[in-house]
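Subject: Structure handover

Hello,

Please find the structure below. My notes on it follow.

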Amino acid sequence: MTNLVYILGDQLSLNISSLKDFNKKQDVVLMTEVAEEASYVKHHKKKLIFIFSAMRNFADLLSKNGFKVHYIKLDDSSKPESFIEQLTIFNKKLKPKKIIITEPSEYRVLKMFDDFKINKNIDLEIRCDDRFVATHHEFANYAKDKKKLLLENFYHLMRQKTGLLMENVAKKTASKAIFKPVGGKWNFDQENRQTMPANVVPPELPKISHNQNVMDVIAMVEKKFAKNFGSIEDFNYASTHLQAEKQFRDFIKNRLANFGIYQDAMRQDVDFGFHSVISMYINVGLLDPLKCCQEVEKSYHQGICDLASAEGFIRQIIGWREYIRGIYWFFMPKYAELNYFKHKNNLPEFYWDHQKTKMNCLSNVIKQTYDNAYSHHIQRLMITGNFALLAGIDPKQINEWYLAVYADAFEWVELPNTHGMAIYADGGIVASKPYCSSGNYINKMSNFCKNCYYDVKKTVGEKACPFNFLYWNFLIKNEPKLKSNPRLFYPYSNLQRKTKEEIKTIEKNAEEFLK
Ligand SMILES: Cc1cc2nc3c(=O)[nH]c(=O)nc-3n(C[C@H](O)[C@H](O)[C@H](O)COP(=O)(O)OP(=O)(O)OC[C@H]3O[C@@H](n4cnc5c(N)ncnc54)[C@H](O)[C@@H]3O)c2cc1C
Ligand code: SF4
């Protein structure tokens with residue numbers, strides 16, 4: 001009797017749990033490009049190209065490896081609308097003994113499958129996704145009874161679990177091993193906050209040559225999603241495991257050594273900097289996150305990079321990435337509904353068209369996003385995220401934007417980063433204070449302000465940088481909720497020094513700007 005294994009678009013790993021006991025003689029894999037997933041937000045064209053290309057290439061890889069695969073394309077005549085519609089059709093057609101899937105990464109999709117199982121009384125087995133370091137159970141254990149879910153404590157657990165950058169410091173004669181972090185401390189973030197001088201030129205990402213699958217998908221996306229946000233030009237992302245591994249090796253060889261120090265830097269003429277640009281590959285299964293960390297650890301021991309870069313990279317993956325996933329599953333579905341500041345302003349049009357703002361930082365980051373379906377962490381957090389927070393944008397609208405525009409965006413990772421880290425809509429579950437800043441920070445970490453219409457040194461009045469008056473306005477408006485936060489002691493002390501007249505002018509500038 002046949003088992004039907006349904007593989008979703010972010011489960012493109014040969015070692016995915018749903019394939020673990022696959023019987024090549026009788027079992028069948030089903031993969032489908034469905035309209036509902038392609039259009040529930042208006043995904044960036046390059047995101048669609050990336051995911052559909054990677055899916056088609058993975059289906060070919062499975063076939064080459066002897067798996068029997070049914071693959072339904074979005075432009076096939078059967079017009080598949082949703083996962084469940086497809087599953088119903090194939091369930092009728094193949095009459096499998098059992099349907100097997102690996103747990104979908106998003107709450108919404110898991111619910112669809114759960115409902116399907118209950119309503120149709122079908123033998124559907126949902127397996128854990130063991131491509132993550134922490135299980136849901138482990139995160140829940142860590143989180144229970146804690147007032148504050150600090151990343152740092154969770155990260156230490158993940159270092160201990162994986163053994164990454166840990167060394168045995170016990171004497172040779174000791175009967176028991178004692179593991180301590182390499183370098184004597186867990187975190188080297190303080191060494192990672194430099195700006196990128198103009199004479200530093202980050203290497204380009206290697207050019208990728210695409211196969212027919214990718215060319216077909218580009219043509220399909222061009223036709224079917226012509227009105228979606230984003231450029232289709234120069235698509236240069238990997239869509240096979242081999243290509244993604246090559247990109248990662250290039251990062252290790254050419255960018256890792258500078259990853260740490262320039263991690264937070266932003267420059268107008270720089271798109272990818274020294275970042276790895278692998279989140280999209282890890283998220284869909286083209287790269288294995290743990291293996292990437294092991295490679296980076298090896299590079300440190302070989303002297304390719306210093307400890308600050310290696311630790312910084314490893315913390316992003318087994319720390320932040322795992323923590324964010326834990327938060328998502330621990331707090332969903334209520335998490336998505338939180339709106340701590342009760343913000344309800346509409347997302348400005350310029351988020352979809354960079355030419356509609358004179359704010360050079362925003363215009364640049366949105367243009368890079370339009371071109372690449374990528375911007376790096378600090379751009380997402382301190383430019384587009386910071387502005388959305390200060391301007392009081394409705395969390396649902398800004399979340400939808402982030403989910404649509406980045407090639408690596410899946411709700412489990414996008415939502416806690418946006419809702420929690422960038423706009424503090426969760427009231428402090430993820431961040432210990434809102435990541436709000438004035439133009440000062442942007443000026444310190446980038447060269448955007450030099451070419452801006454606005455004056456970063458001015459807080460109010462003509463051409464005053466909007467980040468400045470919006471920042472103070474945000475602190476004034478939310479004083480009852482934020483003043484007692486010890487991490488905001490200095491901003492509120494500074495606010496206290498402002499006269500009533502100054503405060504009035506700030507509020508007036510903000511009100512006029514947000515009209
Ligand atoms: C508002 C906002 C929205 C975000 N949305 C997403 C998203 O939809 N998908 C996504 O994968 N990441 C998201 N991030 C996290 C982070 O910005 C991206 O993972 C990173 O920019 C990807 O670029 P990179 O591969 O060059 O990462 P690098 O800077 O090279 O970091 C290495 C890897 O660490 C992991 N990582 C680093 N920070 C985080 C983090 N905070 N959460 C999860 N993983 C992390 C990623 O897998 C990344 O590839 C978001 C961050 C913010 C502030
Ligand atoms: S002056 Fe203000 S708006 Fe202009 S780039 Fe600098 S921070 Fe952005």
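Lys 342 is found in the loop between H12 and H13, where helices (H or I, at least four residues) and strands (E, at least two) are DSSP runs, numbered from the N terminus. Its phi is near 55°, a positive value in a residue other than glycine. Pro 333 has its place in the loop between H12 and helix H13 (360–372) as well. A cis peptide bond, with omega about 5°, joins Met 332 and Pro 333.

Some notes on the source. This is a predicted model, in which local features need pLDDT of at least 70 and side-chain atom pairs count only at pLDDT 80 or more, while totals for chains, interfaces and linings use all residues. Residues are numbered from 1 along each chain as its sequence is written, chains are lettered from A and ligands numbered from 1 in the order in which they are written, and side-chain values use heavy atoms, with hydrogens and water left out.

**Ligand 1**

There are 28 residues around ligand 1, of which His 275, Ser 276, Val 277, Tyr 374 and Asn 417 come nearest (a residue is near if one of its heavy atoms lies within 4 Å). By class, the shell has 14 nonpolar, 10 polar and four charged residues (Ala, Val, Leu, Ile, Met, Phe, Trp, Tyr, Cys and Pro count as nonpolar, Asp, Glu, Lys and Arg as charged, and the others, Gly among them, as polar).

Polar contacts are pairs of N or O atoms within 3.5 Å. A polar side-chain atom of Asn 283 is 2.9 Å from an oxygen atom of ligand 1. For Asn 417, a polar side-chain atom lies 2.8 Å from a nitrogen atom of the ligand. The elements that give two or more residues to this shell are helix H10 (279–284), helix H12 (307–331), helix H14 (377–390) and helix H16 (411–422).

**Ligand 2**

Around ligand 2 are Met 359, Cys 361, Gly 439, Ile 442, Phe 448, Cys 449, Cys 452, Tyr 454, Val 456 and Cys 465. This shell divides into nine nonpolar residues, one polar and no charged.

Regards

Notes
A polar contact is a pair of N or O atoms within 3.5 Å; within protein, one must be able to donate a hydrogen and the other to accept it, and residues adjacent in sequence count only if both atoms are side-chain atoms.
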